[in-house]
Amino acid sequence: MSIEARLQELGIELPEVSPPLASYVPVMVQGDLAFVSGQLPFIDGEVVTGTLGKDVDLDKAIAAARACGLMILAQLRHEIGSLDRVERIVKLGGFVACTPDFTDQHKVVNGASDLMAEVFDDKGRHARAAVGVPSLPVGAAVEVDAVIAIGPR
């Protein structure tokens, strides 16, 4: 089954790609690897903002990480033409805006990780980092980047 068909079967619609907020490109392909820049969590057209352990609860943050994952897939498809070229999700990097005493970053980033497994099955299993930070661009609650192995056109 193609990934596009899988997305339809799962009822997943990818968002419109968002332009970079600074001096970088959303996706850089080098050889058989695609490096996807950190993506912010857009839900209903708005960035999910706030700080875990202060004004954002765990469920909202997990949904925000999933939204970052959706934007990763949208940016990747926009750059390489088809998600069927994905051979493996190699690594995700998750950044969670949180208070110093918040220690569930790993649970937050599961929102993006679980999405990759849902869409790509075993090819979606990956290495990962989940890091707490004091702030993120535009006050975002979560940011996720990715390294993805791709095949030929």
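Leu52 touches Asp57, Leu58, Ala61, Val96, Ala97, Cys98, Thr99, Phe102, Val108 and Ala141, leaving out residues up to four places away in sequence, where contact means heavy atoms within 4.5 Å. This is a predicted model, in which local features need pLDDT of at least 70 and side-chain atom pairs count only at pLDDT 80 or more, while totals for chains, interfaces and linings use all residues. Residues are numbered from 1 along each chain as its sequence is written, and side-chain values use heavy atoms, with hydrogens and water left out.

## The nonpolar cores

Leu52 also belongs to the largest nonpolar core, a group of 41 residues in which Leu52, Leu76 and Ile148 touch the most other members. A nonpolar core is here a set of buried Ala, Val, Leu, Ile, Met, Phe, Trp, Tyr and Cys residues joined through side-chain atoms within 4.5 Å; buried means under 20% relative accessible area, exposed over 50%, and partly exposed in between, with a 1.4 Å probe and protein chains only. Two or more residues of this core come from each of helix H1 (3-10), strand S2 (33-39), helix H2 (58-80), strand S5 (86-97), helix H3 (105-120) and strand S7 (142-150), and H2 gives the most, with 11 residues. Apart from this core lies another one of five residues, among them Leu40, Ala97, Leu136 and Ala140.

## The chain as a whole

The protein chain has three helices and seven strands, which run from the N terminus in the order α-β-β-β-β-α-β-α-β-β. Helices (H or I, at least four residues) and strands (E, at least two) are DSSP runs, numbered from the N terminus. The radius of gyration of the protein chain is 15 Å, close to the 15 Å that the globule rule gives for 153 residues, so the chain is as compact as a globular protein of that length; the radius is taken over C-alpha atoms, and the rule is 2.2 Å times the number of residues to the power 0.38. Along the principal axes, the C-alpha atoms fill a box of roughly 45 × 35 × 30 Å.

Of the 153 residues, 45% count as buried. Among contacts between residues at least 6 apart in sequence, 82% join residues at least 24 apart. The chain exposes about 7700 Å², of which carbon and sulfur atoms supply 51%, the areas coming from the Shrake-Rupley method with a 1.4 Å probe, and for residues only the protein chains shown count as cover. There are 13 positive and 21 negative side chains, and the centres of the two sets lie 4 Å apart. Lys and Arg count as positive and Asp and Glu as negative, with His and the chain ends not counted; the place of a charge is taken as NZ of Lys, CZ of Arg, CG of Asp or CD of Glu.

## Residues in the loops

Gly50 is buried, with a relative accessible area of 15%, and Val56 counts as buried at 6%. Leaving aside residues up to four places away in sequence, Gly50 touches Asp55, Val56, Ala97, Gly139, Ala140 and Ala141, whereas Val56 is in contact with Thr49, Gly50, Thr51, Ala61 and Ala141.

In the loop between H3 and strand S6 (127-133) lies Asp121, which has a positive phi of about 55° although it is not a glycine; at 46% relative accessibility, Asp121 counts as partly exposed. His126 lies in the loop between H3 and S6 and touches Ile89, Val90, Lys91, Leu92, Ser113 and Met116, not counting residues up to four places away in sequence.

Val138, found in the loop between S6 and S7, likewise is not a glycine and has a positive phi, of about 50°; Val138 is exposed, with a relative accessible area of 55%. Asp101, in the loop between S5 and H3, is exposed as well, with a relative accessible area of 62%.

| Pair | Apart in sequence | C-alpha to C-alpha |
|---|---|---|
| Gly50 and Ala61 | 11 residues | 9.3 Å |
| His126 and Lys91 | 35 residues | 5.1 Å |
| Val56 and Ala141 | 85 residues | 7.7 Å |
| Asp101 and Gly132 | 31 residues | 9.8 Å |
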